[in-house]
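Student: I have a new model to read. Can we go through it step by step?

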Amino acid sequence: MPNQRWHIASAQTEKAHQLAQATAISPLLSQILINRGIETPQQAQVYLNPLSQVMPAPIDEFPDLAISVEMLKEAITDQQKIAICGDYDADGMTSTALLIRALRWLGADVDYAIPSRMKDGYGINERIVEEFAAEGVALILTVDNGICAHSAIARAVELGLTIIITDHHDLPPQLPDADAILNPKQLPESSVYRGIAGVGVAYILAVSLAQELGKLQGLTKPLLELFTLGTIADLAPLIGINRRWLQRGLMLLPQSQLAGVQALIQMSGVSEDQKALKPEDIGFKLGPRINAIGRIADPQIVIELLTTTDQGIALERAMQCEQINQQRRQLCEEIEQEAIAFIEQSQLDWQQERVLVIVQPDWHHGVIGIVASRLVERYGTPVFIGTYEGEDKQHIRGSARGIPEFNVFEALQFCHDLLGKFGGHQAAGGFSLPTDNLEAFRTSLSHFAHQCLQPEHLKPLVTIDTALDFNQITTELYQQLDILHPCGIGNPDPVFWTHNVRVVEQRIVGKGHLKLTLNQDNQPVVLKGVAWRWGEYFPLPQQIDIAYKLRENSWNGKTNIELELVGIRLPAANSNTSGTKKAEFYYNEHRYICSLSASLKELRIKNSEGIVLAIEKGQRIGLLGTQRENSEEVNVTQPPYYQLIKAATRALKIT
């Protein structure tokens, strides 16, 4: 069984009914909106119809946007050479392609460079700056990087180059000395532009420049397609301006104007008959094929794919993306299995350390970030994974992935004195360090983790919206949920749960996936389900609680609603006939089991040695011992009992 922690949102029945009446949606949908912080009719109106909100002009939000447009306009007018320095992930490559398309449309003399993941690592560097200068470049434009590149920016200034940084990563304590900086992290957290990815900054700059030059007509749609690809592939939050623009962009993609996107859709098996693509079409099909290039091959393949107008070249580049993605998947599988074997055999005490740090030789650092994400899913702890560089193994490069309670970028900043280059954001980051600093790095990360994580956090978190019975799961319900889309980071797909489900049939399919037939309480409704990558848990118990998303499956002309399982547990004790609530929790790194009777008269807390603390509601004196008849009386308002009782009531969700 997966070792998970479930968080089920509190039912807001009255508030949900009020919101439903005000917005003409169902109470179920209202509950889902409330779970996402959308509680008033006004907020719901903006969420359900993003075009109804008056958005501030980007020129009024970004302090350096006007001067950036002016510098680019001058460079185009004077036919000065412009060079773009992008990044090798999907965000960086779509950003680069977007600006190449826009600047060429506007008559600019433009070229680009993307640093080698293998040779250069992340971001613009002095070598690239010097090569640009030697080629006669007058203006450098970074996309999806540059905010931490102090030495490279200083070198550009020294050589007399104009430099504009466009980035979206977290701000360092001191900003580089560029001519202009466009970064949404400079804006207030309330800004609708705060959550845009690098491709969002590039889109705003390109559209603003085209408007200034009076050449926007015919340019917006292809740029919006690239914005949509990059935003979803980069896991940017699907809220604010992203939600507004993505609703339009996803509708454009099935009949894309871009030869490269058409070819990519064809190769990846995405249906072109849809009215609009869904974020998962990009997140699981198109995005990985783009990202694979930057991870283990030459990013120029993607730039050509997304900028060419030749269908033959587009198809050729899309085929390369397909082949390289297959190689990437194989590499990920191999490294993941090696990492799991190493963790289990070496008996790393990651629960005590509260962070998992694993470094091994001969791993391809282009894919270790994906492996880190899979290890987080498996172990529920922040993961920092690296591999040695060079024959002498004196240097380490790595990737990090976090959990909700752990900020990766702040953790890297905490260890900055041990690192070379590093960067990232709340959920993910990259870093390098001398091999001699590895143990100190591990210790420092553990110290940081102990400041923000408790033992109970070290389980994969399943966040659940509300309970459903199988007889509620209909095509009509699925269609109602469509108004929540696009779903993704910041606006997750709704997750439901059902108690006491019977596993009628189960089998392993593909590479370790579970295919299930499920029935609830012997009702006539029988549903199909899939649990991705859960083959190791086969066979599941016959009776389980399940958490899941709803998915539409079309096959042989028939469309059915199926369940995509994201969580399972043994049937919840707090739903049993006796009405007794039970929970497991940790306090001061020790495991406890607690229970509360249906009458709410007695709370019982048992430690691993079988000693029980029993306290009746409203009483100051409790009983402590292994048997009631020989237990001693203790004052539960005194340490350590008071805090222990608080931890137990939190686990039982008692207020």
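Student: How many helices and strands are there in the protein?
Tutor: Keep in mind that this is a predicted model. Both kinds of element occur in the protein. The count is 21 helices and 24 strands.

Student: What radius of gyration does the protein have, and why does it agree with a compact globule?
Tutor: Start from the chain length, 655 residues.

Student: What share of the residues is buried?
Tutor: A residue counts as buried under 20% relative accessible area. Apply that to the 655 residues of the protein. The buried share is 51%.

Student: Which share of the contacts joins residues 24 or more positions apart?
Tutor: Count the contacts with a separation of 6 or more. Then pick those between residues 24 or more positions apart. They account for 62%.

Student: Is helix H9 mostly covered or mostly uncovered?
Tutor: H9 runs over residues 198-213, which is 16 residues. Its end-to-end reach is 23 Å, close to the expected 22 Å. Of its residues, 13 are buried. H9 is mostly covered.

Student: Which residue just after H9 takes a positive phi?
Tutor: Look just past the end of the helix. The phi there is about 70°. The residue is Gly-214.

Notes: Residues are numbered from 1 along each chain as its sequence is written. This is a predicted model: local features need pLDDT of at least 70, side-chain atom pairs count only at pLDDT 80 or more; totals for chains, interfaces and linings use all residues. Side-chain values use heavy atoms; hydrogens and water are left out. Helices (H or I, at least four residues) and strands (E, at least two) are DSSP runs, numbered from the N terminus. The radius of gyration is taken over C-alpha atoms; the globule rule is 2.2 Å times the number of residues to the power 0.38. Buried means under 20% relative accessible area, exposed over 50%, partly exposed in between (1.4 Å probe, protein chains only). Contact means heavy atoms within 4.5 Å. The expected span of a helix is 1.5 Å times one less than its number of residues.
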